[in-house]
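Have a go at each task before you read its solution.

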Amino acid sequence: MTQLMPFPFALRHTGDHSGGGSKFTTGPLDKTEGWAQINGIRNEERELIAAQVQVLEHSRSMEKLLRGKTPREALLIMQRVCGVCPVVHGIAAVEAARKALLAALTALTASCEGFKISRRTQLLELIAMLGGTLKSHLEHIYGFVAPEMIRVDSILAPDAMKLKVVRMAMDLIKVATKVTDYVTGRSVHPVTFHLTGSTAEVDAKGLLGHAACIERAKNEYFERMVEFIATMRSAIPDFEVPRRFVALDGDEYPLHSGDHVLVGDLGRLQVRDFFSLIREDTPPHSKTYFVTIHDEPYVVGAAARWFYHEPKLSPYARSVAAEVGLPSASMNPFHNTLAQLVECAHILSILPRLLTELAELPDEELPMVAHTKDGVGIGACEAPRGTLFHWALYRDGKVASARALIPTSQNLAAMERDLFEYARPLAQAGATDGELSRAMIALAHSYDLCMSCAVRMLKKEDLVHSHVH
Amino acid sequence: MTVLILVLGNPELRGDDALGTVIYEKLQEQALSPDVTVHNGMTGGWDLMIPLTDGHETLLLVDSLQGGGPPGTIYREEPDTFKPTRTTACISPHDLDFPTIWQAAVQMGYDLPKKIVVFGIEPKTIQQGVVAISEEVAAAVPKVTEMIIAECERVLSET
């Protein structure tokens, strides 16, 4: 058997797996996008000694593609890492540029406080993100977790298709997508984000119409969608594991961008200081970065936002949390799904108010700015799956270097650890490979994986050389 | 009576699969009836459910279609429905093809378009990494665009 190379945190919990034993795999996981599978490794005594999240997708080299690009080009390119979350990538990229070129932007204004985007732009970007988060969470809860709750293979199984809540979720996804379409021009790769603001063309009639659709959806069928999850609550395993959560800080429940990060026992850090803490490694069994802090895993996403910001949620969202039995400061990875449902409730509560506020704001002309300056900026946003960071170094107004820190990459180390801690006692109790696979798939689902933008490392074995002699 | 023109295909990275986007852009230049909606579904997967279930009575589907003819061959078909290519294994919503989405919408109880017309062009290549459509497919685009516009006018005049 191949000797596995040392890996920082893996050795601490997986033990020696250089001898005999066996390996099983879940096969490709169903998830929002991308290819990944989970491997379990047993020793000769059938004990589980390792759990691996294996991602074999090739590098997309997005960060290299940004070099030499203007801020506008950079945000348009970076969105195209994927069509699942282009809005949040676009906003993270433009925020990085805004921070990097702050001096040039400030020169446009007479304010000594420096450049800030207008309230109109802030609302357009926030509403776009809320629509995207609502859609993403609903797809996860009712497309992946609900079928699991009724013990069928996937959303395509007839029993899943016929669930009324699946149809309701699809109807609400349509409403959410149309909101994002409206405030961005198109929700897939929008072109309305700019350095100085948004150029989306909206009017009061359209905005108030969407507000009414959201209200109607919340009142007519969201309640029943919540009831379904509440009645299926017993299908969610009780499993706790200590975790360090990471999320943006803010005066309101963070579902947009921010400048400070909450990092558990490490406190509240500026985004640039957080960036200096993290370490990205690629384990031998995967091509995706696993991110750790001081060699320890951490978790981003709805569960992290719930951990820190529960009191900032709307009263309706908190009532939904009580209805589905989501405890405060939960350490159960499976509860990420419940936290997502609570965020859906929160978004449905606040969206109509935000759309109405936007309807009362006048259109604005955006100032032009020359991109000729140097600077470094980090755009940090709360994407559906967790905190997304774009770091960019600009020289003469063009990208000299860039990095993206992706939510799923940040969760993979914790996910691997959790998979092992969850499945090991099941293996000790005599679970078969198939039973362990099913259990691990259920846990993996709760993380709402998306491999689409998770940064990958190009490895030497990926390279095909022509005969050179 | 409303018509949905749904074009499909990867717009940038798979050769002749981009013909949908090319036709979409040609249709944008036309003064189509307000009862006609043109949607570029690209590689939308599950997201195709959104325009598909908006209550249109007629669907004109546009895509590259491998029918066995030489590259650039134009096809016009009027299927009754679509056969799903996936049963229960679902890797990702992005990965689902149109026939599977169609059947999912049927099972979820949506009212779908009663009349379906498929316009296809035989591709020369849909290899990943090829960024332009072939000459043969490009030559067929104007004719197919005319056929789609004529189909819209005919359908709307029948109501």
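**Exercise 1.** Work out how helix 12 and helix 13 of chain A are oriented to each other.

*Solution.* Start with the axes: in this predicted model, those of helix 12 (residues 315–324) and helix 13 (residues 336–359) of chain A come within 8 Å and cross at roughly 150°. Angles over 145 degrees count as roughly antiparallel, so helix 12 and helix 13 of chain A are roughly antiparallel. Next, the hand: helix 12 of chain A passes helix 13 of chain A in a right-handed crossing (the near helix is turned clockwise from the far one by less than a right angle). Now the contact (heavy atoms within 4.5 Å): helix 12 of chain A brings residues including A:Tyr316 and A:Val320, while helix 13 of chain A brings, among them, A:Leu341 and A:His346. Finally, sort the contact residues: nine are nonpolar, two polar and none charged.

**Exercise 2.** Which residues lie closest to the centre of the second largest pocket?

*Solution.* The space in this pocket is about 1100 Å³. Of its 33 lining residues, A:Gln122, A:His256, A:Ser257, A:Gly258 and A:Asp259 are the closest to the centre. By type, the lining splits into 11 nonpolar, nine polar and 13 charged residues.

**Exercise 3.** Where is A:His294 found?

*Solution.* Look in the loop between strand 8 (290–293) and helix 11 (302–309) of chain A. A:His294 isn't a glycine, yet its phi is positive, about 50°.

**Notes.** Residues are numbered from 1 along each chain as written, with chains lettered from A and ligands numbered from 1 in written order. Local features need pLDDT of at least 70, side-chain atom pairs need 80 or more, totals use all residues, and side-chain values use heavy atoms, without hydrogens and water.

Key:
Axes are lines fitted to C-alpha atoms, for helices over the stretch in contact, and angles run from 0 to 180 degrees between N-to-C directions. Helices (H or I, at least four residues) and strands (E, at least two) are DSSP runs, numbered from the N terminus. Angles under 35 degrees count as roughly parallel, over 145 as roughly antiparallel, 65 to 115 as roughly perpendicular and the rest as oblique. Ala, Val, Leu, Ile, Met, Phe, Trp, Tyr, Cys and Pro count as nonpolar, Asp, Glu, Lys and Arg as charged, and the others, Gly among them, as polar. On a 1 Å grid over the protein atoms alone, a cavity is a set of points where a 1.4 Å probe fits but cannot get out, and a pocket is an open set with protein on both sides within 12 Å along at least five of seven lines; lining residues have an atom within 4 Å of a point. Grid points are joined across faces, edges and corners, and a volume is the space filled by probe spheres set on the points.
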